[in-house]
Amino acid sequence: MKRYWKIGDLAKMTGITVRTLRFYDQIGLFSSSGQTESGHRLYSESDLSRLHQILSLKELGLSLEEVKTVLTGGQITPLEIVNLQIDRIKEQIKLQQKLLDQLGHVSKLMQGKAQLTVEDFTSLLQAMKMEFEKPVIERQTIWERHLDLLGNFLIEESEMPKPKEENQ
């Protein structure tokens, strides 16, 4: 037997607001697969899978329009999305582990009242920099992608023939 959830239940279950779910429906990104007799949205397990794909692609830095294009174009499978998430999390763990190792090293030196060297500080600062720099680089990449899309749109707009004005 299939399970269905109303929008409020889905929102509570996923931590996504009802407003966001309605917005996704409004822009044609995520719609319910059914309705109650009174017209309330009903979401199925396959809807839940699509929502996971949407949120995963968003987390990877895609805009909602890009997410929509990817999902409707069949450019990527749900398994590929999960594997992308796994790769991203492994990279985050690696960066966190490097920072943790450096902090542990510095802590041991400080506990032993040892003098910290320039190399100790620079290694720690580099690990911290990577931790803070990565989100900035990701945001920069997203903005560059948006600017490229806007530039392409403006080029297409300028190349479109202008409508002839009626008798002047």
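I worked from a predicted model, where local features need pLDDT of at least 70, side-chain atom pairs count only at pLDDT 80 or more, and totals for chains, interfaces and linings use all residues. Residues are numbered from 1 along each chain as its sequence is written, and side-chain values use heavy atoms, leaving out hydrogens and water.

**Core.** I looked up nonpolar cores, meaning buried Ala, Val, Leu, Ile, Met, Phe, Trp, Tyr and Cys residues joined through side-chain atoms within 4.5 Å. Buried is under 20% relative accessible area with a 1.4 Å probe, protein chains only. The largest core has 18 residues, and Leu10, Leu21, Phe30, Leu51 and Ile54 touch the most other members. Two or more residues each come from α1 (7-14), α2 (18-26), α3 (45-59) and α4 (64-73); helices here are DSSP runs of H or I, at least four residues, and strands are E runs of at least two.

**Helix α1.** I found Ile7, Leu10 and Ala11 buried in α1. They lie on the same side of α1 because they cover an arc of only 100° around the axis, taken from the directions from the helix axis to the C-beta atoms. These buried residues pack against β1 (5-6), α2, β3 (41-43) and α3, with contact meaning heavy atoms within 4.5 Å. Gly15 follows α1 and has a positive phi, near 80°.

**Helix α3.** I listed Asp47, Leu51, Gln53, Ile54, Ser56 and Leu57 as buried in α3. Their cover includes α1, α2, β3, α4 and α5 (78-111). Gly61 follows α3, with a positive phi near 105°.

Methods
Buried means under 20% relative accessible area, exposed over 50%, partly exposed in between (1.4 Å probe, protein chains only).
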